[in-house]
Amino acid sequence: MCHESYLLNSFFSLSVFILSAVTIPSTIEKVIYLTVFHVSFIMFVWSYWKTIFTRPATPSKEFCLPKSEKEQYEKEQHPETQQEILKRVATSLPLYTRTGAGAIRYCDRCQVIKPDRCHHCSACDMCVLKMDHHCPWVNNCVGFSNYKFFILFLTYSLVYCLFIAASVLQYFIKFWTNDLPESHAKFHVLFLFFVAAMFCISILSLFTYHLWLVGKNRSTIEAFRAPVFRNGPDKNGFSLGFSKNIAQVFGDQKKYWLLPVFTSQGDGFSFPTRLVTIDPEQPTECLQPAGLDKGAVEGSAEQTTPLSESQNHLLGNAFYIEEDHKETDVLKSDESEAITISIESES
């Protein structure tokens, strides 16, 4: 696939050069055309390269079973007892998602407890953090480490093809009205327009779909199968609101959004979730967000324990209580209702 893309881009470049040298009469128009073309081409190749050669992030040793627990797990024949072993190890990990049956997600092939949003890729034969899909176009897994690069690859591919198709359109029309001078450039005009338009249409659908996923803070896998938390599946469990969802992938500094450099938030092992209901098995602390009446927290009937460092990292510096399109501030009530946290798990 990489070899085919290289050949296609080489032919694109050759056709554009012939078109600008033979067909376009104005020198200024030639300079502008070639400048914009090469800028978009460089950004396209850069993001494509980063998507291909960025190694997918995998779970750390923290998610591997200790030697003693691993031996017990392998010797044990009963799934219930195996789950008890996994639960003991998982108590110190920032895990909120579960299988469809409510069990700890464990990869027998990689022998690791799967972090939230992590999946095993059969093509790469490894567990990939925040796996989106395995892409044959780049011959690589698209996940936490290169998802931004993949989005930019689609972006610059679309810009690249749109610019070529729009620039060649006038000469394509002249070809059909017999106003184009007779030369060998006619073939390149036809090739550039048809191929650029074809790729533009196909990339546009994939690009808009992934922009929608970014806005919802979902992966392709989560779009087809909602992550399962201890309280059940919730397709919007990781959605923090549109602006924060964008920042999860592209980062806080907008000046780096269009550059193929890694700026995604987090470490890939834990992710902030919407705060809806308390997870009874996960130790948490009733934190008081700004604007919340102090009595609402003090009136909570459920006593909780302090957050560990990993859980503090998961929840971040603020409470996220935003819905997908219409965000709401922290709720107050006369009955002093407790703040609760929504936790999802993946099947």
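Student: Is Cys-200 buried or exposed?

Tutor: Cys-200 is buried, with a relative accessible area of 11%, where buried means under 20% relative accessible area, exposed over 50% and partly exposed in between, using a 1.4 Å probe and protein chains only. Keep in mind that this is a predicted model, in which local features need pLDDT of at least 70 and side-chain atom pairs count only at pLDDT 80 or more, while totals for chains, interfaces and linings use all residues. Residues are numbered from 1 along each chain as its sequence is written, and side-chain values use heavy atoms, with hydrogens and water left out.

Student: What about Cys-118, how far is its sulfur from the closest cysteine sulfur?

Tutor: The closest one, in Cys-127, is 4.6 Å away, so this pair is also too far apart for a bond. Cys-118 is buried, with a relative accessible area of 0%.

Student: How many disulfides does a search of the whole structure find?

Tutor: The search finds 0 disulfides.

Student: Switching to the core, which residues touch the most other members of the largest nonpolar core?

Tutor: They are Tyr-147, Phe-150, Phe-153, Ile-164, Val-168, Val-214 and Phe-250, in a core of 40 residues. A nonpolar core is a set of buried Ala, Val, Leu, Ile, Met, Phe, Trp, Tyr and Cys residues joined through side-chain atoms within 4.5 Å.

Student: And which elements give two or more residues to this core?

Tutor: Those are helix 2 (27-53), helix 5 (147-176), helix 6 (185-216) and helix 8 (242-250), with the largest share, 16 residues, coming from helix 5. Helices (H or I, at least four residues) and strands (E, at least two) are DSSP runs, numbered from the N terminus. There is also a second, separate core of 23 residues, which includes Phe-63, Val-89, Cys-107 and Phe-271.

Student: At what angle do helix 2 and helix 5 pack?

Tutor: They pack at about 155°, with their axes 8 Å apart; axes are lines fitted to C-alpha atoms, for helices over the stretch in contact, and angles run from 0 to 180 degrees between N-to-C directions. That makes helix 2 roughly antiparallel to helix 5, a label that applies to angles over 145 degrees.

Student: Where does UniProt place the transmembrane region feature?

Tutor: The unreviewed UniProt entry places it at residues 6-24, 31-49, 149-169 and 189-212. In the model, the span 149-169 is 100% helix and 0% strand, with its end C-alpha atoms 30 Å apart, and the span 189-212 is likewise 100% helix and 0% strand, with its end C-alpha atoms 34 Å apart.

Student: Now the loops: where is Arg-117?

Tutor: Arg-117 is in the loop between strand 3 (112-113) and strand 4 (119-121), and it has a positive phi of about 70° although it is not a glycine. At 1% relative accessibility, Arg-117 counts as buried.

Student: And is Asn-139 buried or exposed?

Tutor: Asn-139 counts as exposed, at 59% relative accessibility. Asn-139 is found in the loop between strand 6 (133-135) and strand 7 (140-142), and has a positive phi of about 50° without being a glycine.

Terms used
UniProt positions renumbered as here; feature names shortened; annotations may be inferred. Disulfide = S-S within 2.5 Å. Parallel < 35°, antiparallel > 145°, perpendicular 65-115°, else oblique.
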